[in-house]
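Here are some notes to read with the model open beside you. Take them one at a time and find each residue as you go.

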Amino acid sequence: MLPNALAIGVPYETFWHLTPKKLEAFYKAYKLKLNEQDIRQWQLGQYFIASIGTAFKGKYPKEPLFQLKTEAEKNLSEEEKQRQVDLFFKTENARRLNFKRNQSKDGSVS
């Protein structure tokens, strides 16, 4: 159990004062961190794809692909809102597929 705790970042000294219930919080935090890293890597891949596409299409996005919207930007047309919803679900599905692929031992998706 100690090697697993050390692998997820629990300090050696802290480990000896934890109960299994408290150790579980460290594990959940570690999984959240991995998930965030996976999302960032996927986003980086989207920028990489956009940069490769620039060679063929000649256009690179003028603004970030993923950003927080201000109140003024939230007043979008229904069509634009629907496009953003569609993009979100495509992004989420790709992220989940990538996560499952990374979790499987042979790289296949079950």
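1. First, some ground rules. This is a predicted model, in which local features need pLDDT of at least 70 and side-chain atom pairs count only at pLDDT 80 or more, while totals for chains, interfaces and linings use all residues. Residues are numbered from 1 along each chain as its sequence is written, and side-chain values use heavy atoms, with hydrogens and water left out.

2. Helices (H or I, at least four residues) and strands (E, at least two) are DSSP runs, numbered from the N terminus. Of the 110 residues, 11% are buried. Here, buried means under 20% relative accessible area, exposed means over 50%, and partly exposed is in between (1.4 Å probe, protein chains only).

3. Next, look at α3, which has 38 residues and spans 54 Å from its first C-alpha to its last, close to the 56 Å expected at 1.5 Å a residue. (That expected span is 1.5 Å times one less than the number of residues.) Its buried residues are Leu 23, Asp 38, Trp 42, Ala 50 and Gly 53, and what covers them includes α1 (2-7), α2 and α4. After α3 comes Gly 58, with a positive phi near 80°.

4. Helix α4 (residues 78-103) has 26 residues and reaches 37 Å between its first and last C-alpha, close to the expected 38 Å. Thr 91, Glu 92 and Arg 95 are its buried residues, and they pack against α3 (20-57).

5. Is Arg 95 buried or exposed? Arg 95 counts as buried because its relative accessibility is 14%. Not counting residues up to four places away in sequence, Arg 95 touches Asn 35, Asp 38 and Ile 39 (contact means heavy atoms within 4.5 Å). Now compare Gln 41, in helix α3, which counts as exposed because its relative accessible area is 55%. Gln 41 and Arg 95 are 54 residues apart in sequence and 9.7 Å apart in space, C-alpha to C-alpha.

6. Which residues make up the largest nonpolar core? There are five: Ala 5, Ile 8, Val 10, Phe 15 and Leu 23. A nonpolar core is a set of buried Ala, Val, Leu, Ile, Met, Phe, Trp, Tyr and Cys residues joined through side-chain atoms within 4.5 Å. Leaving aside neighbours within four places in sequence, Ala 5 is in contact with Val 10, Phe 15 and Leu 23.

7. Leu 18 sits in the loop between α2 (12-15) and α3. Its relative accessibility is 21%, so Leu 18 counts as partly exposed. Beyond its neighbours within four places in sequence, Leu 18 is in contact with Val 10, Leu 23 and Phe 26.

8. Last, the largest pocket is lined by 28 residues, with Pro 64, Leu 65, Phe 66, Leu 87 and Thr 91 nearest its centre. The elements giving two or more residues to that lining are α3 and α4. On a 1 Å grid over the protein atoms alone, a pocket is an open set of points where a 1.4 Å probe fits, with protein on both sides within 12 Å along at least five of seven lines; lining residues have an atom within 4 Å of a point.
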